[in-house]
Amino acid sequence: MLVTFPHIGNAYIGVKAMCHNIGADVIIPPKTTSLTMSLATKYSPEGVCIPFKLNLGNMIQALEMGADTILNVTGHGTCRMGYYFKVQELILRDMGFNFKMLLTGLSENKFQSFLSMLKRVSHNASWLQIFRAFQFGVAKMTALDDIEIMTNKIRAMEKKKGTATGIYRQAINAIDNAADYSGLRRVVDTYEEKLGSIARNDKPPLKILVVGEIYVVLDPYANMDVELELGKLGAMTTRSLYLSRWVKSSIVWGMLKRDQWHEVHRAARPYLKRDVGGDGWETVGEKAISVGKYDGIVHLAPFTCMPEGTAQNIMPSMKEKTPVLAIYCDEQTSKAGVITRLEAFTDMLRIHGAKSNGHIVTNL
Ligand code: SF4
């Protein structure tokens, strides 16, 4: 069995570590590039959202390399994700590929569902081995997120542009190569020290909250490196959606049968009272609680995404007036266009911030 799964930002590194530790043979598709995108758009329905397309592109490339088992996600709810795996499977079979697709649910019992999927690709690993492999994979996801959080803070203030990004890229490879917990700890300590020693200017950075649909928030290819570009413009980015946090809080809150987004959902309620699929409800709630903490919000949404489209339509009429820049991501989105809009947005935040003594009240 040769197992593969899509990149989804750096998520593949954690899943790869889990698979290796239970003896599964893995084929990682090549880094997502314009070739992945052109394969994806060639074989996907035109109006489908970018997570579907890029995941399909990753799958095609991995199957061409010899993979025969695909790990995929599904879920129920009000967006189209519940039937994506079926459409992807049909497209791949029509293309002549012969493979098995294993699914994990993202709506309920995520933890049990994911462990069962790992069990199926393992070479008769015990449940204890499966659990330990899962833990190590989550430790890698946590390390990746910790380094990314630190990079996004320092990048906005570094004196020599590009230093933090260079160190971050080395750190990703080193985390990917770490074979055990002590190796992983050493890597994190080394790269945190390197990032911490970067020379910084004393200009206060803008604070930007990044919200939106989880795939485009996590995947820098899909979002045109939005956090990197904001950092170059002197803006420090923060977000609630980090994969390791999402996994850990899903497990804990799932076991307690509680809503892990309780505070955010409560804040959203005056405007939106229920789940609209994907991350739309959370996007509205995050804007409601952003006041006074951030200079602005960047809202990332896949083009044609119904949940984020709903959130996007609600946000301008909210009483919380943190400025929002919405960026829709698909194969037509150009990086130059995104950079121009980020430049205009950060300029606007600085002008209004200066005029109103740091308190920004404008809505876009
Ligand atoms: S949340 Fe939006 S982008 Fe994600 S699967 Fe649903 S419709 Fe597509």
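A pocket is found on a 1 Å grid over the protein atoms alone: it is an open set of points with protein on both sides within 12 Å along at least five of seven lines, and its lining residues have an atom within 4 Å of a point. In the second largest pocket the lining comprises 36 residues. Nearest its centre lie Asn 10, Lys 31, Ile 172, Pro 220 and Asp 225. The space in this second largest pocket is about 930 Å³, a volume being the space filled by probe spheres (1.4 Å probe) set on the points, which are joined across faces, edges and corners.

Helices are DSSP runs of H or I with at least four residues, numbered from the N terminus. Those giving two or more residues to the lining of the second largest pocket are H1 (11–21), H6 (127–155), H7 (163–177), H9 (214–218) and H10 (226–232). H6 gives the most, with seven residues.

The model is predicted: local features need pLDDT of at least 70, side-chain atom pairs count only at pLDDT 80 or more, and totals for chains, interfaces and linings use all residues. Residues are numbered from 1 along each chain as its sequence is written, and side-chain values use heavy atoms, with hydrogens and water left out.

pLDDT is the predictor's confidence in each residue, from 0 to 100. Its chain average is 92, and 95% of the residues score at least 70.

| Helix | Residues | Mean pLDDT |
|---|---|---|
| H11 (lowest) | 243–255 | 79 |
| H8 (highest) | 181–196 | 98 |

Residues 355–364 have pLDDT below 50. Beyond near neighbours in sequence, this stretch still has 25 contacts (heavy atoms within 4.5 Å) in the model.

An automatic or database assignment sets the domain bounds. Domain 1 is 2–124, domain 2 is 135–155 + 158–202, and domain 3 is 203–364. The C-alpha centres of domains 1 and 3 lie 26 Å apart.

Where does the ligand lie? Domain 1 and domain 3 both give residues to its shell, so the ligand lies between them. Residues around the ligand (a heavy atom within 4 Å) include Cys 49, Arg 80, Tyr 84, Glu 213 and Cys 305.
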